[in-house]
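Visitor: I'm new to this one. Can you walk me through a few spots?
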Protein chains: 2
Amino acid sequence: MATSARFCASLRRISVPRQVSPSLQRFRPATRVRWATTSASAEGHTPNEKGSEASGPPPPKTIKLTSETYPELQRNSNFAKLTQEHVKHFQELLGSESAVIDGLSRDASEDIESFNSDWMRKYRGQTKLVLKPQSTQDVSSILKYCNEQKLAVVPQGGNTGLVGGSVPVFDEIVINLQRMNKIRSFDEVSGILVADAGVILEVADNYLAEKKHIFPLDLGAKGSCQIGGNVATNAGGLRLLRYGSLHGNVLGIEAVLPDGTIMNDLSTLRKNNTGYDLKQLFIGGEGTIGIITGISIICPRRSEAINVAYFGLESYEQVQKAFIEAKNQLSEILSAFELMDGRSQKIVNTVTGKKFPLEGEYPFYCLIETSGSNADHDSEKLQNFLEHVIESSVVSDGVLAENKTQIQDLWTYREGISECLGHWGGVYKYDLSLPISVLYDLVNDVRDRLTEAGVVGNDDSFPAVDVVGYGHMGDANLHLNVAVRRYDKKVEKLLEPFVYEWVQRHNGSISAEHGLGIAKKAYIGYSRDETMLKLMKQVKDLYDPNGIMNPYKYI
Amino acid sequence: MATSARFCASLRRISVPRQVSPSLQRFRPATRVRWATTSASAEGHTPNEKGSEASGPPPPKTIKLTSETYPELQRNSNFAKLTQEHVKHFQELLGSESAVIDGLSRDASEDIESFNSDWMRKYRGQTKLVLKPQSTQDVSSILKYCNEQKLAVVPQGGNTGLVGGSVPVFDEIVINLQRMNKIRSFDEVSGILVADAGVILEVADNYLAEKKHIFPLDLGAKGSCQIGGNVATNAGGLRLLRYGSLHGNVLGIEAVLPDGTIMNDLSTLRKNNTGYDLKQLFIGGEGTIGIITGISIICPRRSEAINVAYFGLESYEQVQKAFIEAKNQLSEILSAFELMDGRSQKIVNTVTGKKFPLEGEYPFYCLIETSGSNADHDSEKLQNFLEHVIESSVVSDGVLAENKTQIQDLWTYREGISECLGHWGGVYKYDLSLPISVLYDLVNDVRDRLTEAGVVGNDDSFPAVDVVGYGHMGDANLHLNVAVRRYDKKVEKLLEPFVYEWVQRHNGSISAEHGLGIAKKAYIGYSRDETMLKLMKQVKDLYDPNGIMNPYKYI
């Protein structure tokens, strides 16, 4: 009852937009955070001894070439090699000097480096040419020529992906969309936005904020990522629980096919039942069958009231109960239900020195956010919910943010996890979908496995520091992370294929929201059967018979 | 202020599920309502002189064969003709007597008639064989054999479609899914339902009601239509404004391809980024590339509180303002925003003799429904909204339902329109998507056009009675209807291609939610360009090279 009273006492009307401190919430290509995955490339990394507190990124030369990390990949000899004549053609085509970065005929290695490598500094290609079209017609002309000449290409948006999908592997030409950055229209009655693919997500969202709407997608990279890339990778993020996936929200796509055909499916209609919904193939198609040049998307009204609560629970069973109760009682205003295990919160506490939000320690924590149109109503609903879960002992303790600063602060306990995990040098990261009922069992099983093998411990003799789980509980999206002092073959062999087999056994997905790119290409068989793969390859062959679009990746 | 006071005075807490009287809300295959469209087939109808009050449907012999209505269609001679041997094969395959209706070797004309014709009694095929598989494997075996033997087929769900998509044109074998009617699983934590394609929508929704969830789709035919058919036709309906489209809500599909391949894409994951989202092609594919045998779908929590308000407005401009205000103020609880023009309400009044809900008459009426988890909060939001729109003169008058009966009653003014329009004999019906700003202009333009041509009037010498517009304003989905005393070539020539050209000029869709079937096949060029059609045909050819799936329809 004391804790219940605490909830009541601290309850205040909150009516501010959530803005988490930029250092944790956002990342940019030149971020200080080091990520790693368990793919073969991981071992190529030199652990960052100072973790996330280290100085800026190492100089470009330290990024290993993707072709060295994946020696089994060979350049496809069907593709033409770039010549002066090709470059000249593109220069004439695009007119402007700034639209072509030519690494073939002049030394543009500095300029070209950021297009060749990803923000994690994990993948590095060897392109000699970057093209920056300014119109859909430009993209069409480029692709038509590339297809005829058999020049392979990589479409590139904000280059913020996590699986190496947006940088070349060999000498593929980079087609960067950054100059296609116009908002084409917004209808305030229907809430439908039409914009170029190269518009930065945050720019689109800020534009919509002025019109009292929001982009129905939010993610950490919003300051750099582009909406075309978001659609091409079917980004998930923070608002999916509330607003659903891009497959539902994207109403239209304009895309250029490999042969230069412009597919104008840029409908601004909420309902349109006239034939196969082909645009859906481009949502999550990762640029392998065409380049998205424009999108139309339905945008909801911006909520005026935001509330955030953070609480501790004694077991994963209680977490599930709390989730069901939140769905019951918060229903239409629930906008986030995030899970953090006790170990992940302990790590945030250790690395940042920040005090825990709660007094005691618990094996599980949840963060709940509500967004609605009436602050008083939302507070009342949230208070009723909290009283209920406290009184029924589902939740052991909790706090409710009283103001904007507290909201930001609570979010850092969720959003700071990823950065803090890197503190010891590296992280093996898995982005998985699993049935909610078994979601956390995987974390326990992996921890037991690593503990039994003697690779997890408190001093430097152990490669692994800890195994933690957190994620978007509302979407059944688990981030399984293993913080390590160094990348270690033994740890990798314990993790794989164990994790993938576990996911397969429980009908999960090996990539919930990050996509396949090059990192997951080899593992798709754990989530898709032979028939599905055959059908997917059919589609690829249909649209891109020469295979020039983003080769060596995806399926 | 008087009207504002009226709103306040009548405001009561409402906490009941909406259930509109079955005679108006639901239809069944043997409904008494007569519909018609402007396609060539429409002229084949004998007007029902007594309109919707007439006795049951005329005997089957009065339904014109689709092949006569569309004389330009010829049976594809590549298809095999059904033989005794084929029938024997299917009897052995399916085992049970009841699984095969054999019209070839025995007189099953009565039994087979309901599978050959649609509920509108507008389309009639000539099949001699109906198969009722009980498992996905059955469907696979059937299709594999049909594909090898080049026997054309029509997948059939509840046969409640409006465009003739679910009945044969010639002698295609009907594959009816009614025996595949099991709910496979429901996860109360995630809200994900997995069920056979043949489960009736209302059965699924009732099942979910017990679990405090709802199916994220609702439509008039729910008592007869099947969820597989809903997905195959990408049904829209009443809940789309709130819960979004099936492209977002359907998480997985199990389908059988024409060659018998079972495509197992029955994911129960909210997020799964592992390759092209092929299942999307089957959503709205109208059974032309495979047969959906199972679906998995995310179902929201059922709202406990329902409120309905009905009001009159002086202009379409005010309607748009009211819609924007409703989105602003009702935001997360708005579950319907329906538009009815004054003429449509006058017709309901004339045909049913029901008193208008409001005292004065207005050129436009709107019906708003809210659904939320807290009745007090919802009522307060709705009251604030209504006070605002009344005080700012956006809305001229309005009523708010005080109880379940009143909620039902208000809905009949919207849902009764379709039936009442048939009162004089026939209706030319168009299901269109248009930008909201111009949506009602089309109704005015069509009315002017028909009036100028002298075909609309109050006595029997005029073929047309009136031109009305109503629909799902929240989805920009207009139902343009022309009530007629008789189907008339002159009226048809005034309507077409005028309506389609108008829609095309405003980037609308000629089929918002009803699909293409046979009725709209010829008109798809008004909503899709040559490139899109070519790409769609590629997909059809890829999946169904022999063209056996639902031929003569779609694109």
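Guide: Here is a short tour by question and answer. Keep in mind that this is a predicted model.

Visitor: Let's start with aromatics. How many aromatic pairs are there over all chains?
Guide: The count is 38. One of them is Tyr500(A) with Tyr523(A). Their ring centres are 4.5 Å apart and the planes sit at 20 degrees, so the pair is stacked.

Visitor: Which parts does that pair tie together?
Guide: Tyr500(A) is in helix α19 (residues 498–505) of chain A. Tyr523(A) is in the loop between α19 and α20 (530–543) of that chain. The pair therefore links parts 23 residues apart in sequence.

Visitor: Are Tyr500(A) and Tyr523(A) buried or exposed?
Guide: Both are buried.

Visitor: Which residues form an aromatic cluster?
Guide: Tyr310(A), Phe356(A), Tyr362(A), Tyr365(A) and Tyr413(A) make up one cluster.

Visitor: New topic. Which residues are buried in helix α7 of chain A?
Guide: Leu201(A), Ala204(A), Asp205(A) and Leu208(A) are buried there. Down the axis of α7(A), the buried residues fall within an arc of 95 degrees, so they line one face of the helix.

Visitor: And what covers the buried residues of α7(A)?
Guide: The cover includes strands β5 (183–187) and β6 (192–196), along with helix α8 (227–232), in chain A.

Visitor: What follows α7(A)?
Guide: Lys212(A) does, with a positive phi near 65 degrees.

Visitor: What is phi at Asn507(A)?
Guide: Positive, about 55 degrees, though Asn507(A) is not a glycine. Asn507(A) sits in the loop between α19 and α20 of chain A. Its relative accessibility is 57%, so Asn507(A) counts as exposed.

Visitor: And Asn234(B), buried or exposed?
Guide: Asn234(B) is buried, with a relative accessible area of 11%. Its phi is positive too, near 50 degrees. Look for Asn234(B) in the loop between α8 (227–232) and α9 (240–243) of chain B.

Visitor: Now peptide bonds. What kind of bond joins Glu496(A) and Pro497(A)?
Guide: A cis peptide bond, with omega about 10 degrees. Pro497(A) lies in the loop between α18 (489–495) and α19 of chain A. In chain B, a cis bond joins Glu496(B) and Pro497(B), again with omega about 10 degrees.

Visitor: Last stop. Where is Gln320(B)?
Guide: Gln320(B) is in helix α12 (residues 316–329) of chain B. Its relative accessibility is 14%, so Gln320(B) counts as buried. Beyond its neighbours within four places in sequence, Gln320(B) contacts Val189(A), Ile436(B), Ser437(B) and Met473(B).

Terms used
Residues are numbered from 1 along each chain as its sequence is written. Chains are lettered from A and ligands numbered from 1 in the order in which they are written. This is a predicted model: local features need pLDDT of at least 70, side-chain atom pairs count only at pLDDT 80 or more; totals for chains, interfaces and linings use all residues. Side-chain values use heavy atoms; hydrogens and water are left out. Helices (H or I, at least four residues) and strands (E, at least two) are DSSP runs, numbered from the N terminus. Buried means under 20% relative accessible area, exposed over 50%, partly exposed in between (1.4 Å probe, protein chains only). Contact means heavy atoms within 4.5 Å. Rings of Phe, Tyr and Trp (its six-membered ring) pair if their centres lie within 6.5 Å; planes under 30 degrees apart count as stacked, over 60 as edge-to-face and the rest as tilted. The arc is that of the directions from the helix axis to the C-beta atoms.
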